Amino acid sequence: MADSTKAAGWLPPEEYVRTIANATMYGCLYFTDTRGRPLGLRSTIDPDPWQWPGGNTDKGETPWETAVRECKEETGIAFRGECRLIGMNFAPAGGGWPLCRVGFVFDGGTLTDAQLDAIVLDPAEHTEWRVLTIDQWRTVMDPLTFDRLADTDASRRTSTTMYAEHEPVQCVRPKSLEP
């Protein structure tokens with residue numbers, strides 16, 4: 001006798017997920033200084049892109065938990081503010097990266113000069129931090145990263161939530177890892 005509880009075409013979850021797009025997720029905190037200038041971190045692995053405190057979501061972790069944990073690990077900042085989503089970024093698979101990429105950007109608020117001076121970078125992850133105006137960031141960021149920064153900054157300033165779709169992540173071996 002056939003199992004009438006299963007609809008035609010039904011697949012067990014472990015099979016079904018192989019038929020749909022899968023993704024990596026990240027969570028990060030977006031901070032500015034008291035003059036409204038965004039904080040950026042320079043990666044040790046690839047010094048070209050500037051990043052916000054955050055990283056990839058571990059199994060069993062929410063993007064919010066990721067953002068708070070990674071911020072502490074990367075900067076020493078023990079963020080205790082509220083969970084306020086200000087943006088989401090999506091990039092489809094492609095460009096050498098096998099999965100979609102979904103990012104959650106949370107409002108980290110404003111850091112005082114004393115809080116900025118207290119940043120302790122994890123030397124395995126970042127070599128420096130900077131706060132620059134949006135116009136100054138335009139001159140040091142690649143266009144895709146700058147677009148994400150400008151969208152996120154506008155979202156925060158207008159108290160709206162931003163959703164942005166981007167081209168696939170271009171996965172290239174950083175120069176620092178070349179043989």
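Q: Which pattern does the protein follow when read along the sequence?
A: This is a predicted model, and in it the secondary structure of the protein comes to five helices and eight strands. Read along the sequence, these elements follow the pattern α-β-β-β-β-α-β-β-α-β-α-α-β.

Q: What share of contacts in the protein between residues at least 6 apart in sequence join residues at least 24 apart?
A: The C-alpha trace of the protein spans about 70 × 45 × 30 Å along its principal axes, and buried residues make up 37% of the 179 residues. Among contacts between residues at least 6 apart in sequence, the share that joins residues at least 24 apart is 68%.

Q: Why is the pair of Trp50 and Trp137 classed as it is, by its ring centres and planes?
A: The count of aromatic pairs in the protein comes to five. For Trp50 and Trp137, the ring centres lie 5.1 Å apart and the planes stand at 65°, and because an angle over 60 degrees puts a pair in this class, the pair is edge-to-face.

Q: How many residues apart are Trp50 and Trp137, and in which elements do they lie?
A: Trp50 is buried, and Trp137 is buried as well. Trp50 belongs to strand E3 (residues 50-51) and Trp137 to helix H4 (residues 134-140), so that the pair links distant parts of the chain, with a separation of 87 residues.

Q: Which parts does the pair of Trp64 and Phe106 tie together, and how many residues apart in sequence are they?
A: The rings of Trp64 and Phe106 have centres 5.1 Å apart and planes at 75°, so this pair is edge-to-face. Phe106 has a relative accessibility of 5% and therefore counts as buried. Because Trp64 lies in helix H2 (residues 63-75) and Phe106 in strand E6 (residues 100-111), the pair ties together parts whose separation in sequence is 42 residues.

Q: Which residues form one aromatic cluster?
A: Trp64 and Phe106, whose rings make an edge-to-face pair, both belong to the cluster. The aromatic cluster is formed by Phe31, Trp64, Phe79 and Phe106.

Q: Is Asp33 buried or exposed, and what is its relative accessible area?
A: Asp33 is placed in strand E1 (residues 23-33). Leaving aside neighbours within four places in sequence, Asp33 is in contact with Thr110, Leu111, Leu116 and Val131. Since buried means under 20% relative accessible area, Asp33 is buried, its value being 2%.

Q: With which side chain does the side chain of Asp33 make a polar contact?
A: Asp33 is buried, and its side chain takes part in a polar contact at 2.5 Å. The partner in this contact is the side chain of Arg37.

Q: Which backbone oxygen does the side chain of Thr75 reach?
A: Thr75 is in helix H2 and, at 0% relative accessibility, counts as buried. Apart from neighbours within four places in sequence, Thr75 is in contact with Leu41, Pro53, Ala118, Ile119 and Val120. The side chain of Thr75 reaches, at 2.6 Å, the backbone oxygen of Cys71.

Q: How do the residues of the lining of the second largest pocket divide into nonpolar, polar and charged?
A: The second largest pocket has a volume of about 150 Å³. Its lining consists of Thr24, Met25, Asn56, Thr57, Asp58, Lys59, Gly60 and Glu61. By residue class, this lining divides into one nonpolar, four polar and three charged.

Q: What phi does Ser159 have?
A: Ser159 sits in the loop between helix H5 (143-158) and strand E8 (162-165), where, at 59% relative accessibility, it counts as exposed. Most residues other than glycine have a negative phi. Ser159 is not a glycine, yet its phi is positive, at about 55°.

Q: How far apart in space are Asp48 and Cys28, C-alpha to C-alpha?
A: Asp48 is found in the loop between strand E2 (39-43) and E3, and at 48% relative accessibility it counts as partly exposed. Asp48 and Cys28 are 20 residues apart in sequence, and their C-alpha to C-alpha distance in space is 18 Å.

Q: Which residues does Leu11 touch, not counting residues up to four places away in sequence?
A: Leu11 lies in the segment before helix H1 (13-16), and at 33% relative accessibility it counts as partly exposed. Not counting residues up to four places away in sequence, Leu11 touches Tyr16 and Thr19.

Key: Residues are numbered from 1 along each chain as its sequence is written. This is a predicted model: local features need pLDDT of at least 70, side-chain atom pairs count only at pLDDT 80 or more; totals for chains, interfaces and linings use all residues. Side-chain values use heavy atoms; hydrogens and water are left out. On a 1 Å grid over the protein atoms alone, a cavity is a set of points where a 1.4 Å probe fits but cannot get out, and a pocket is an open set with protein on both sides within 12 Å along at least five of seven lines; lining residues have an atom within 4 Å of a point. Grid points are joined across faces, edges and corners, and a volume is the space filled by probe spheres set on the points. Ala, Val, Leu, Ile, Met, Phe, Trp, Tyr, Cys and Pro count as nonpolar, Asp, Glu, Lys and Arg as charged, and the others, Gly among them, as polar. Helices (H or I, at least four residues) and strands (E, at least two) are DSSP runs, numbered from the N terminus. Buried means under 20% relative accessible area, exposed over 50%, partly exposed in between (1.4 Å probe, protein chains only). Contact means heavy atoms within 4.5 Å. Rings of Phe, Tyr and Trp (its six-membered ring) pair if their centres lie within 6.5 Å; planes under 30 degrees apart count as stacked, over 60 as edge-to-face and the rest as tilted. A polar contact is a pair of N or O atoms within 3.5 Å; within protein, one must be able to donate a hydrogen and the other to accept it, and residues adjacent in sequence count only if both atoms are side-chain atoms.
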